[in-house]
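My notes go down in the order I looked things up.

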Amino acid sequence: MALTQQRKQEIMGDFQTHETDTGSADVQVAMLTDRITKLSAHLKINQKDFASRRGLMMMISRRKRLLAYIQKQNADRYKALIARLGIRG
């Protein structure tokens, strides 16, 4: 379920705030969202994979904390990020 190096580079290119940005909260949320999407598809097929389900819950809570941090720092950036990722309907 890990992201490939090429996919990570694509995500960083799309969400980085400056040229050398590799670990800002925006980039981390985008990477977590990609991993959550892939793991959710896996769990639809393998419904009894409880270890992966636990990992999914941990990723979701980490993303939730990062989004709360972004929202506290800059509400406009938060709204733009969730609209761009298509989360929180």
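Entry one. I started with handedness: helix 2 and helix 4 make a right-handed crossing. A reminder to myself that this is a predicted model. I then looked up the geometry, and helix 2 (residues 25-45) packs on helix 4 (residues 75-85) at about 25 degrees, with the axes 11 Å apart. Angles under 35 degrees count as roughly parallel, so that is what I call helix 2 and helix 4.

Entry two. Who touches whom here? From helix 2 I noted Ala25, Asp26, Val29, Ala30 and Thr33, and they meet Arg77, Leu81 and Leu85 of helix 4. Sorted by class, this contact of helix 2 with helix 4 has five nonpolar residues, one polar and two charged.

Which residues of helix 4 are buried? I found Tyr78, Leu81, Ile82 and Leu85. Looking down the axis of helix 4, I see its buried residues within an arc of 90 degrees, so they line one face of the helix. Asp76, Lys79, Ala83 and Arg84 are exposed on the other side of helix 4. As for what the buried residues of helix 4 pack against, I listed helix 1 (5-15), helix 2 and helix 3 (50-73).

Entry four. Next I checked helix 1 with helix 2: the angle is about 135 degrees and the axes are 9 Å apart. That makes helix 1 and helix 2 oblique to each other, and their crossing is right-handed. In helix 1, Arg7, Lys8, Ile11, Met12 and Phe15 meet Asp26, Val27, Ala30, Met31 and Asp34 of helix 2. I wrote down six nonpolar, no polar and four charged residues for the contact of helix 1 with helix 2.

Methods
Residues numbered from 1 in each chain as written. Predicted model: local features only at pLDDT ≥ 70, side-chain atom pairs only at ≥ 80, totals over all residues. Heavy atoms only, no water. Axes fitted to C-alpha atoms, helices over the stretch in contact; angles between N-to-C directions. Helix = DSSP H or I, 4+ residues; strand = E, 2+ residues; numbered from the N terminus. Parallel < 35°, antiparallel > 145°, perpendicular 65-115°, else oblique. Left-handed = near helix turned anticlockwise from the far one by under 90°. Contact = heavy atoms within 4.5 Å. Nonpolar A, V, L, I, M, F, W, Y, C, P; charged D, E, K, R; others polar. Buried < 20%, exposed > 50% of the residue type's maximum accessible area, 1.4 Å probe, protein only. Arc of directions from axis to C-beta.
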